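The topics are grouped below.

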Amino acid sequence: DHSDDDNGEAVGTGALFADPEGYYPPSPPPTTQTYTMANGAVITLHLVGHSPLEAHRLWNGARVVSEHFEAHPAEVRGRSVLEIGAGAGLPSIVAAALGAERVVVTDYPDPDLVATMWKNIRGCPELVDDDSPDGVPRNIVADGHVWGADPAPLLAHLSSSPSNSTPKGFDVLILADLLFRHSEHGSMLRTVESTLRRRRGSKAFVVFTSYRPWLQHKDLAFFDLARARGFEVERVLERKMDRPLFENDPGDEEVRKTVSGWVLRWP
């Protein structure tokens, strides 16, 4: 092995250049969090120990949109659902438990992330299917997806759904706490455009908090871009949490405690 030193010369990376033991801090271990459904069922969610994609957190947007589906189960029951940037996949799991016909839960195609989503699906008592050979319910699947990429692999998951023998798109999309990635707004919307079924009843739920209040205008710019691409945009919910998710962060605390939910629809 070799690498370049500051002068551009190749140097060995043997024992002479080995980092002392304990030089790098160990990666944080995986963690778990829980979500209690209205019926008292407790969903345990495994989270990766660390992720540059922020998938090691259970965000407030995921909790709030899950509660919204529980309060309004007709939003997902009997429908096809796609979640992007899902992390632990809580809203998808809740949608499946509420009777969604087909749920596809996705995040960046990192093996640890996809394996964690599958672990949460398989470990959820509300999703156990006694008729399935491995106990995993037939109405939910985890997969990797890069925002804006070819939607064909996602749409292919619909082919096993009775009412979608010819994949046309998903009835419901979920984007929970993704808008802080301002440079990715265009890619997110490309996925919405290419996967949201083109009929009036289809909805993309976009639920988020402006965790950096001074950049709230950049978060909200997502909806201006959505309107420019032909979507109708409606604010459908607002929830004030007891405390901010990141209590020591700077900025207006009331903004950092507020979760708002919006819907994109085809005109």
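A residue counts as buried when its relative accessible area is under 20%. By that cut-off, the buried residues of helix 2 are Leu-90, Pro-91, Ser-92, Ile-93, Val-94, Ala-95 and Ala-96. The model is a predicted one.

- Helix 2 is largely enclosed by the rest of the structure, because 7 of its 8 residues are buried.

**Packing of helix 1 on helix 2**

- The axes of helix 1 (residues 60-71) and helix 2 (residues 90-97) approach within 8 Å and cross at roughly 15 degrees.
- Angles under 35 degrees count as roughly parallel, so helix 1 is roughly parallel to helix 2.
- The crossing of the two helices, helix 1 and helix 2, is right-handed.
- On the helix 1 side the contact is made by Ala-62, Arg-63, Val-65, Ser-66, Phe-69 and Glu-70, and on the helix 2 side by Leu-90, Pro-91 and Val-94.
- Sorted by class, this contact of helix 1 with helix 2 holds 6 nonpolar, 1 polar and 2 charged residues.

- Seven strands form an open sheet in the order 7-6-5-8-9-11-10, and their pairing is mixed.
- Strand 7 (140-144) and strand 10 (232-240) are at the edges; each has a single partner strand, so one side of each is left without a neighbour in the sheet.
- From one strand to the next, the twist averages 20 degrees.
- Within the sheet, strand 8 (residues 172-176) and strand 9 (residues 203-208) pair in the parallel sense, over 5 bridges.
- In this pairing, Ile-174 stands opposite Phe-205 of strand 9.

**Helices on the sheet**

- Helix 1 lies across strand 8, strand 9, strand 10 and strand 11 (258-265), and runs at about 135 degrees to strand 9.
- Helix 3 also packs on the sheet, where it touches strand 6 (102-107) and strand 7.
- The direction of helix 3 makes about 170 degrees with that of strand 7.

**Thr-116 in helix 3**

- Thr-116 is located in helix 3 (residues 111-122).
- Is Thr-116 buried or exposed? Its relative accessible area is 14%, so Thr-116 is buried.
- Which residues does Thr-116 contact, leaving aside its neighbours within four places in sequence? Thr-116 is in contact with His-46, Leu-47 and Val-48.

Definitions and conventions:
Residues numbered from 1 in each chain as written. Predicted model: local features only at pLDDT ≥ 70, side-chain atom pairs only at ≥ 80, totals over all residues. Heavy atoms only, no water. Axes fitted to C-alpha atoms, helices over the stretch in contact; angles between N-to-C directions. Helix = DSSP H or I, 4+ residues; strand = E, 2+ residues; numbered from the N terminus. Parallel < 35°, antiparallel > 145°, perpendicular 65-115°, else oblique. Left-handed = near helix turned anticlockwise from the far one by under 90°. Contact = heavy atoms within 4.5 Å. Nonpolar A, V, L, I, M, F, W, Y, C, P; charged D, E, K, R; others polar. Buried < 20%, exposed > 50% of the residue type's maximum accessible area, 1.4 Å probe, protein only. Pairing = 2+ DSSP bridges.
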